[in-house]
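Welcome! Have a look at the two chains below, and then we will walk through how they meet.

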Amino acid sequence: MSPTADPETVEFADWPASKRLDSFSNFSGGEDRLLRRLSLWDTPEKAPTTVVQFPPRRRDGIRSAVQSARALTELGENWDGEGSQGYSLNTWKRVKRFVLTHASVSESRFRASLPVPTVNPADQGSLDVSWRLRDRQLLVNFPADETAPITYYGQNSTGNNTISGRTTGREHRLDLVAWLIQKTK
Amino acid sequence: MADSENEIVQEWVELIPNPDRVLMRVPVQWLRSPSHQLHEGVFRETEGAMSVDWEKYSSAQETRERAPNPSQNGVIALVTGDVRGIEGLSVEHEPIRSNRAHTGIHGLARAGSLPAEESKTKRRVLLLGLVTGWEIDPFEAQR
């Protein structure tokens with residue numbers, strides 16, 4: 001089947017193929033220095049990053065998780081009989097862009113696959129992207145109002161290592177990617 | 001004019017002890033197929049609070065029966081003291097004529113050590129961490 005013949009492929013036609021990294025924020029000074037030592041800091045003078053092929057199973061899992069959440073946009077208002085607000089296509093598209101971009105960034109900058117998230121309905125027309133891993137988790141909430149901040153909170157299983165903040169969704173957040181793919185004992 | 005059925009009956013109000021549990025109804029529509037896993041999105045406020053029932057005055061089954069469509073609802077439980085242990089959250093007994101168990105969890109979207117939006121995201125993660133399983137599993141027949 002040609003790539004354009006598959007509706008899902010068309011839906012994901014904007015999966016980042018190769019991209020320079022813009023910037024990332026919300027790092028403390030210590031993390032900043034650490035990342036510079038690890039050569040993870042954005043380096044605009046370098047050639048554009050080449051994207052490594054995703055392991056097919058993980059890539060398909062991420063695509064599938066995002067694509068299946070598109071059905072939420074068809075629920076409409078009061079979809080649960082409890083008065084809940086519906087979910088807009090625009091909100092889902094921001095989720096898709098965020099997840100796929102960061103999956104690509106994970107491959108290109110860290111040579112590691114992003115774990116597969118779940119996309120869930122939350123309140124006030126917002127969508128949650130949730131990673132619940134063996135030893136840590138991360139929740140990213142996308143509000144219906146695209147001018148409102150995307151917020152996130154993550155913690156490890158003991159709760160003594162946390163990450164929280166906000167993002168616009170327009171920048172690449174290597175810190176969040178690193179949080180998700182970190183290797184822990 | 002306020003609906004007297006939904007007004008708090010002040011003479012029934014009690015302090016809920018920390019070890020006591022409150023029960024929360026979860027409509028199955030909030031859980032996505034096919035996994036039907038509980039997720040952070042089930043914690044949401046209606047009219048400024050999350051509505052739950054104090055177990056002293058309601059069984060899980062009774063909480064379920066109060067839903068418009070009981071068979072389409074599951075029930076989970078939270079320990080009051082654990083909820084109060086989450087920064088910014090309070091648990092207040094708010095009995096009404098039709099439901100003496102009625103209780104409100106307040107503060108989900110209140111600003112705390114973080115701004116309101118981030119606090120809400122954090123609190124929802126922490127609340128989910130308090131849930132140990134279903135009191136009434138709405139998908140039991142399917143499992």
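A polar contact is a pair of N or O atoms within 3.5 Å; within protein, one must be able to donate a hydrogen and the other to accept it, and residues adjacent in sequence count only if both atoms are side-chain atoms. By that rule, twelve residue pairs are in polar contact between chain A and chain B, both residues at pLDDT 80 or more.

The largest share, four residues, comes from E4(A).

This is a predicted model, in which local features need pLDDT of at least 70, side-chain atom pairs count only at pLDDT 80 or more, and totals for chains, interfaces and linings use all residues. Residues are numbered from 1 along each chain as written, chains are lettered from A in the order written, and side-chain values use heavy atoms, without hydrogens or water.

The rule for salt bridges (a side-chain nitrogen of Lys or Arg within 4 Å of a carboxyl oxygen of Asp or Glu) finds five across the interface of chain A and chain B. Arg166(A) and Glu117(B) form a salt bridge at 3.2 Å, N to O.

With contact meaning heavy atoms within 4.5 Å, 28 residues of chain A touch 25 residues of chain B.

Note on methods
Helix = DSSP H or I, 4+ residues; strand = E, 2+ residues; numbered from the N terminus.
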